[in-house]
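Reader: I have a sequence and a set of coordinates to look at. Please show me how to read them.

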Amino acid sequence: MKRLGSLFLVILCLFLSCYDPPPPVKSDPPKVPEQTQPVQQNQNQQPQIPAEPVQPVQIEQIVEAAPESPSPVEYFDPASITQEERDTAKIEIQQLIQRLNGIIRAKNYNAWVTYLDSGYFTTISSKDFLDRVSQSTVLVRQKIVLKSAQDYFNHVVVPSRANDHVDDIEFVSPSRVKAYTVNNTGSRLRLYDLEKAEEGWKIIN
């Protein structure tokens, strides 16, 4: 019995010496989140600021932002014109219209132009004015399109202004008057606006 016990111990020792335990399982260390490194800006580079959306500019805003300065209005009292000055001006303008009637009947454009103020001549030579007059019923019916001040003279002035006569005038300034004619019904119609220049009366409208 003692021999069996010794034999068991020998076998147990041999078994233990031959047993190789499995290596321990290595667990991965916990991942540490990477720290975001701050982006270094160039010292000369300005930070980018998001652009604001561009708003359309309204015309009303422009007008309100920069209103035009009103032109000074000079007060004029028609009573400041004496009766003698009024009578003299009326005779001068009646004589002017008579001369213009002869020039218009002769279709003398070059002579007619000399009685026009430079600003008025510029107006009747403008494309906007000529296009607007071309839309009149008479010219549209005749299929006439005005291209110049001479066209205006030939197709508008000559047919309609060769027999004008002045019956009354009205002073609107010391050197400016409105000339009127009175028709068969007694209505007063304005013929011209005229202004006194060094060389005489000029048509301004």
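This is a predicted model: local features need pLDDT of at least 70, side-chain atom pairs count only at pLDDT 80 or more; totals for chains, interfaces and linings use all residues.

Reader: How many helices and strands does the protein chain have?

Author: Helices (H or I, at least four residues) and strands (E, at least two) are DSSP runs, numbered from the N terminus. Here the protein chain has eight helices and four strands. Read from the N terminus on, the order is α-α-α-α-α-α-α-α-β-β-β-β.

Reader: What share of the residues in the protein chain is buried?

Author: Buried means under 20% relative accessible area, exposed over 50%, and partly exposed in between (1.4 Å probe, protein chains only). Of the 205 residues in the protein chain, 23% are buried. Accessible areas come from the Shrake-Rupley method with a 1.4 Å probe; for residues, only the protein chains shown count as cover. The protein chain has an accessible surface of about 16800 Å², and carbon and sulfur atoms account for 55% of this area.

Reader: At what angle do helix α5 and helix α6 pack?

Author: Axes are lines fitted to C-alpha atoms, for helices over the stretch in contact, and angles run from 0 to 180 degrees between N-to-C directions. Helix α5 (residues 118-125) packs with helix α6 (residues 127-134) at an angle of about 60°, and their axes are 5 Å apart. That makes α5 oblique to α6. Angles under 35 degrees count as roughly parallel, over 145 as roughly antiparallel, 65 to 115 as roughly perpendicular and the rest as oblique.

Reader: Which residues make the contact between α5 and α6?

Author: Contact means heavy atoms within 4.5 Å. From α5 come T123, I124 and S125, and from α6 come K127, F129 and L130. Sorted by class, the contact of α5 with α6 has three nonpolar, two polar and one charged residues. For these classes, Ala, Val, Leu, Ile, Met, Phe, Trp, Tyr, Cys and Pro count as nonpolar, Asp, Glu, Lys and Arg as charged, and the others, Gly among them, as polar.

Reader: How many salt bridges are there?

Author: Side chains of opposite charge can pair when their charged atoms come close. A salt bridge is a side-chain nitrogen of Lys or Arg within 4 Å of a carboxyl oxygen of Asp or Glu. By this rule there are 10 salt bridges. One of them joins R161 and D164, with the closest N and O atoms 2.8 Å apart. D164 is buried, at a relative accessible area of 13%.

Reader: What does R176 pair with?

Author: R176 forms a salt bridge with D193, with 3.3 Å between the closest N and O atoms. R176 lies in strand β2 (residues 176-182) and D193 in strand β3, so the pair ties together parts 17 residues apart in sequence. R176 is partly exposed, with 31% relative accessible area, whereas D193 is buried, with 2%. A network of salt bridges links R176, K178, R190 and D193.

Reader: Is Y180 buried or exposed, and what does Y180 touch?

Author: Y180 is found in strand β2 and is buried, with a relative accessible area of 10%. Beyond its neighbours within four places in sequence, Y180 has contacts that include D168, E170, R188 and L189. Y180 and D168 are 12 residues apart in sequence and 5.2 Å apart in space, C-alpha to C-alpha.

Reader: Where does K143 lie, and what is its phi?

Author: K143 lies in the loop between α7 (137-142) and α8 (149-160). Phi of K143 is near 60°, a positive value in a residue other than glycine. K143 is exposed, with a relative accessible area of 77%.

How values were computed:
Residues are numbered from 1 along each chain as its sequence is written. Side-chain values use heavy atoms; hydrogens and water are left out.
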